[in-house]
Amino acid sequence: MEYCDYCRLEVKVAGFKMDYMGSKKIFCCEGCKAIYKLFGDAPVVKNKEHVPSSVSH
Ligand SMILES: [Zn+2]
């Protein structure tokens with residue numbers, strides 16, 4: 001199961017993918033992909049700074 005990298009909804013159609021800063025991103029729709037392309041993961045970056053690099057998935 002994959003989730004949209006923008007809105008976190010379940011991705012039912014795996015056709016909206018993009019390479020962003022060297023990592024693969026997947027989106028639930030063209031809209032999320034377009035918005036992510038414009039704004040990137042800016043809101044997430046702030047949180048990343050607080051996450052230790054050793055965090056595993
Ligand atoms: Zn989405």
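Modeller: The answers below start with confidence and the fold and then turn to individual residues.

Biologist: What kind of model is this, and how are the residues numbered?

Modeller: Residues are numbered from 1 along each chain as its sequence is written. The model is predicted: local features need pLDDT of at least 70, side-chain atom pairs count only at pLDDT 80 or more, and totals for chains, interfaces and linings use all residues.

Biologist: Where is confidence lowest, and where is it highest?

Modeller: Helix α2 (residues 42-48) has the lowest confidence, with a mean of 52, and β2 has the highest, at 94. Across the protein chain the mean pLDDT is 81, and 70% of the residues reach 70 or more. Here pLDDT is the predictor's confidence in each residue, from 0 to 100.

Biologist: And the fold: which elements, in what order?

Modeller: The order from the N terminus is β-β-α-α, that is, two strands and two helices. Helices (H or I, at least four residues) and strands (E, at least two) are DSSP runs, numbered from the N terminus.

Biologist: How do the strands run?

Modeller: Strand β1 (residues 16-20) and β2 run antiparallel and are joined by five bridges; two strands pair if DSSP finds at least two bridges between them. They form a hairpin with two residues between them. F16 has F27 as its bridge partner in β2, and K17 stands opposite I26.

Biologist: How much of the chain is buried?

Modeller: Buried residues are 14% of the 57 residues in the protein chain. A residue is buried if 20 or more other C-beta atoms lie within 10 Å of its own, exposed if 12 or fewer, and partly exposed in between, with C-beta atoms placed from the backbone.

Biologist: Which residues make up the largest nonpolar core?

Modeller: That core has six residues in all: Y6, F16, F27, C28, C32 and Y36. A nonpolar core is a set of buried Ala, Val, Leu, Ile, Met, Phe, Trp, Tyr and Cys residues joined through C-beta atoms within 7 Å.

Biologist: Let us look at F27. Is F27 buried or exposed?

Modeller: F27 is buried, because 26 other C-beta atoms lie within 10 Å. This residue belongs to strand β2 (residues 23-27).

Biologist: What does F27 touch?

Modeller: Not counting residues up to four places away in sequence, F27 touches C4, D5, Y6, V11, F16, C32, K33 and Y36. Two residues are in contact if their C-beta atoms, placed from the backbone, lie within 7 Å. Y36, with the same exclusion, touches D5, Y6, K25 and F27.

Biologist: Which residues of helix α1 are buried?

Modeller: In α1 (residues 30-39), the buried residues are C32, K33 and Y36. They line one face of the helix, because they fall within an arc of 100 degrees seen down its axis; the arc is that of the directions from the helix axis to the C-beta atoms. These buried residues pack against β1 and β2.

Biologist: And what is on the other side of α1?

Modeller: E30, G31, L38 and F39 are exposed there.

Biologist: Back to K17. Why does it count as partly exposed?

Modeller: K17 counts as partly exposed because it has 14 C-beta neighbours inside 10 Å. K17 lies in strand β1 and touches K24, K25 and I26, leaving out residues up to four places away in sequence. K17 and E30 are 13 residues apart in sequence, with their C-alpha atoms 9.3 Å apart in space.

Biologist: A change of topic: which residues other than glycine have a positive phi?

Modeller: Most residues other than glycine have a negative phi. Residues with a positive value include R8, near 70 degrees, and M21, near 50 degrees. R8 is in the segment before β1, whereas M21 lies in the loop between β1 and β2.

Biologist: Why do R8 and M21 count as exposed?

Modeller: R8 counts as exposed because it has 10 C-beta neighbours inside 10 Å. M21 is exposed because 8 other C-beta atoms lie within 10 Å.
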